[in-house]
Amino acid sequence: MDQQLEQLRTEALAAIAGAADETAVEQARIKYLGQSGALTAVSKGMKDVSKEDKPRIGKLLNDVRTAVTSALDERKAALLADADAAAFAGVDVTLPGTAPRLGSLHPITQLQDRAIQIFRRMGFALADGPDIEDEWHCFDALNTPADHPARNEQDTFYLPDGRLLRTHTSTIQVRTMESSAPPIRIIAPGAAYRRDEVDATHLAQFNQMEGLYVAEGVSVGDLKGTLEFFFRELFGKDAQFRFRPHFFPFTEPSFEVDIKATALGAADKWLEIAGCGMVDPAVFESINAKRGDTAYDPEKYTGFAFGFGLDRLAMIMSGTPDIRYFTQNDQRFLAQF
């Protein structure tokens, strides 16, 4: 058996050394160390070896198995090193590397950040609130009548438990007044949801920014000055605006804000960009009832609120013809920003 083991060692090491690839190495492993391999067969014959020779033969068998295993590992490592060397043989390490492609913030995010920056300079704090709301915060507190179209299931996403997805970020204004006494000056950016048919100018989920300022002596002049400053910072100091009378349940008087399209290099026409107005005293009364005090006494405090769609504003500023481009994640479109 001594001679047989030595012969197997010589034969196995020669086969492994001559293996040209990983497949050949694996075939050698199976041939000598597999369940039906040559060394396995010799191991089974140990039962027939005399008691005196078993220690010596057993040691030799282990030495042969160890030598074959080590040879297999070394051959695999050598083949891998050869493959790596071949892969890099044609690489010129002195050439400059490929620069990584730099990304950027989404255009809506860029606009929102810019708007927040401008309002912060005017003393507005940033406020936040939940996307899932109840009817009181979304409608009742804002003086919205029970038969208002916005409360219809055709316009608003209602959940099975009666809650809903907020249709505007005015709900954040309500929650801020619930938890904080005047004076307050906040902006409330965030997502809003409505059952609009998705087309070139409408999405079921869009982005808004609303603002609220409540203190003693707040006037329409403060509202007009605040919005004109904001939009001129955004569109340029020569931008022209107008305030048109309008109606909102939660403000009185109410206005729509238009900008002259020439400020954007477009045709000479007016474009609607925001809604605003003085907070209706009925809203303050609802907040007082919820708080259980008279913190928002309408005889003492006045305030203004405003809101605009970030998506629509981004469309106007960038000349984007279809609002859906902002949600399609098309790199050809987003790379422009």
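A residue counts as buried when its relative accessible area is under 20%. With that in hand, here's a quick tour of this predicted model.

**Helix H9**

- Helix H9 covers residues 281–291, and its buried residues are Val283, Phe284, Ser286, Ile287 and Asn288.
- The cover over those buried residues includes helix H6 (135–138) and helix H7 (170–179), along with E5, E8 and E9.
- Where H9 starts, Asp280 puts a side-chain oxygen within 2.8 Å of the backbone nitrogen of Ala282.
- After H9 comes Gly292, with a positive phi near 80°.

**The nonpolar cores**

- The largest nonpolar core holds 43 residues, and the ones with the most contacts inside it are Phe119, Phe230, Phe231, Phe235, Ile273, Phe306 and Phe308.
- At least two residues of this core come from each of these helices: H5 (107–121), H8 (220–235), H10 (310–318) and H11 (331–334).

**Two helices side by side**

- Helix H2 (residues 22–33) packs with helix H4 (residues 54–87) at an angle of about 170°, and their axes are 10 Å apart. That angle makes H2 roughly antiparallel to H4, because anything over 145 degrees counts that way.
- On the H2 side, the contact is made by Glu22, Val25, Ala28, Arg29, Tyr32 and Leu33. H4 brings Arg65, Val68, Thr69, Leu72, Arg75, Lys76 and Leu79.
- Sorted by class, the contact of H2 with H4 has seven nonpolar, five charged and one polar residue.

**Gln208, tucked into a strand**

- Gln208 sits in strand E5 and is buried, with a relative accessible area of 10%.
- A polar atom of the Gln208 side chain lies 3.1 Å from the backbone nitrogen of Thr169.
- Beyond its neighbours within four places in sequence, Gln208 is in contact with residues including Thr167, His168, Thr169, Pro189, Arg194, Phe308 and Leu310.

- Ala86 belongs to helix H4 and is exposed, at 55% relative accessible area.
- Ala86 and Asp280 are 194 residues apart along the chain, and their C-alpha atoms are separated by 78 Å.

**Cis peptide bonds**

- Pro182 and Pro183 are joined by a cis peptide bond with omega at about 5°; Pro183 is in the loop between H7 and strand E4 (184–193).
- The bond from Glu252 to Pro253 is also cis, with omega near 0°, and Pro253 is in strand E7.

- Asn143 has a positive phi near 60°. This residue is in the loop between H6 and strand E3 (164–165) and is partly exposed, with a relative accessible area of 33%.
- Asn329 also has a positive phi, near 55°. Its place is the loop between H10 and H11, where Asn329 is exposed at 56% relative accessible area.

Conventions
Residues numbered from 1 in each chain as written. Predicted model: local features only at pLDDT ≥ 70, side-chain atom pairs only at ≥ 80, totals over all residues. Heavy atoms only, no water. Core = buried A, V, L, I, M, F, W, Y, C linked by side-chain atoms within 4.5 Å. Buried < 20%, exposed > 50% of the residue type's maximum accessible area, 1.4 Å probe, protein only. Helix = DSSP H or I, 4+ residues; strand = E, 2+ residues; numbered from the N terminus. Contact = heavy atoms within 4.5 Å. Polar contact = N/O pair within 3.5 Å; in protein donor to acceptor, adjacent residues only side chain to side chain. Axes fitted to C-alpha atoms, helices over the stretch in contact; angles between N-to-C directions. Parallel < 35°, antiparallel > 145°, perpendicular 65-115°, else oblique. Nonpolar A, V, L, I, M, F, W, Y, C, P; charged D, E, K, R; others polar.
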